[in-house]
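Please open the structure in your viewer and keep the sequence beside it, so that each selection can be followed from one stop to the next.

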Amino acid sequence: MIPEYQGNKIASGMLSWILEDAARIGVDRFLLEVLEHNQAAKKLYLRAGFSDRRFFRCYRMEKRLVQKNSCDLPCSFESLDREEFEKLDHQKMLSHEPSWQNDVPSVLHNWEQLSAVKVMDNDKVIAYGVIHRTKGDIPQLGLATEYPDSLYGCILEGLSQLTESKTFSVTNVEESSRLQQYLMVQGWQNHINQFEMLYEFR
């Protein structure tokens, strides 16, 4: 908002109108994200009836460093197509419930701009990853629970060959999840954080 108009309750009025209209058309919940440092916006949403749902961390690393940290286990990766991706048991392989922009419908919506790889154990997909071919954004990294975290490195090595970006980015990683612990240990830079906030219509 233009600075000279701040403090006039314009934002709260707009938000009230949006929530009223959403209720009128039958929306059952409203989900959004607010940057950790934007306390003014967070207070606005709390006053409107939103609640904190989760805390997300966002990470990045130069591709050359990702490749140096790749998996030391003997594994090979293969291309993962859209049909195979849709059939995966994402709930069991992802370390946390993805945010709305990283969930399965969003990934499928942007599939033409993405590439994906998988690691197989006999006929079973045990790890997979998806990356934006030009931006280096990684919406999903999945790993079967019974396999070691080092397989994340194998997937990242495979993804490094599928993007022209010099930087990898993993956004909205839930605090204390398996993936977040792996990224921290490997030295990924935590460059921004945000809250996921929820409004539920009664």
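This is a predicted model: local features need pLDDT of at least 70, side-chain atom pairs count only at pLDDT 80 or more; totals for chains, interfaces and linings use all residues.

Begin by selecting helix α1, residues 10–24.

Within α1, now show the side chains of Leu15, Leu19 and Ala22, which are buried. These residues lie on the same side of the helix, because the arc they cover around the axis is only 60°. Turn to the other side of α1, and there you will find Trp17, Glu20 and Arg24, which are exposed. Before leaving, select Gly26, which follows α1 and has a positive phi, near 95°.

Next, move to the largest nonpolar core, which has 26 residues, and select Ile138, Leu141, Leu156, Leu159, Phe168, Leu183 and Trp188, the members that touch the most others. Among the elements that give two or more residues to this core are β2 (51–62), β7 (167–174) and α8 (178–185), while α7 provides the largest share, six residues.

Centre the view on Leu183: setting aside neighbours within four places in sequence, Leu183 is in contact with Tyr59, Val170, Val173 and Trp188. Finally, look for another core that lies apart from this one, made of 14 residues, including Leu44, Phe50, Phe195 and Phe201.

Definitions and conventions:
Residues are numbered from 1 along each chain as its sequence is written. Side-chain values use heavy atoms; hydrogens and water are left out. A nonpolar core is a set of buried Ala, Val, Leu, Ile, Met, Phe, Trp, Tyr and Cys residues joined through side-chain atoms within 4.5 Å. Buried means under 20% relative accessible area, exposed over 50%, partly exposed in between (1.4 Å probe, protein chains only). Helices (H or I, at least four residues) and strands (E, at least two) are DSSP runs, numbered from the N terminus. Contact means heavy atoms within 4.5 Å. The expected span of a helix is 1.5 Å times one less than its number of residues. The arc is that of the directions from the helix axis to the C-beta atoms.
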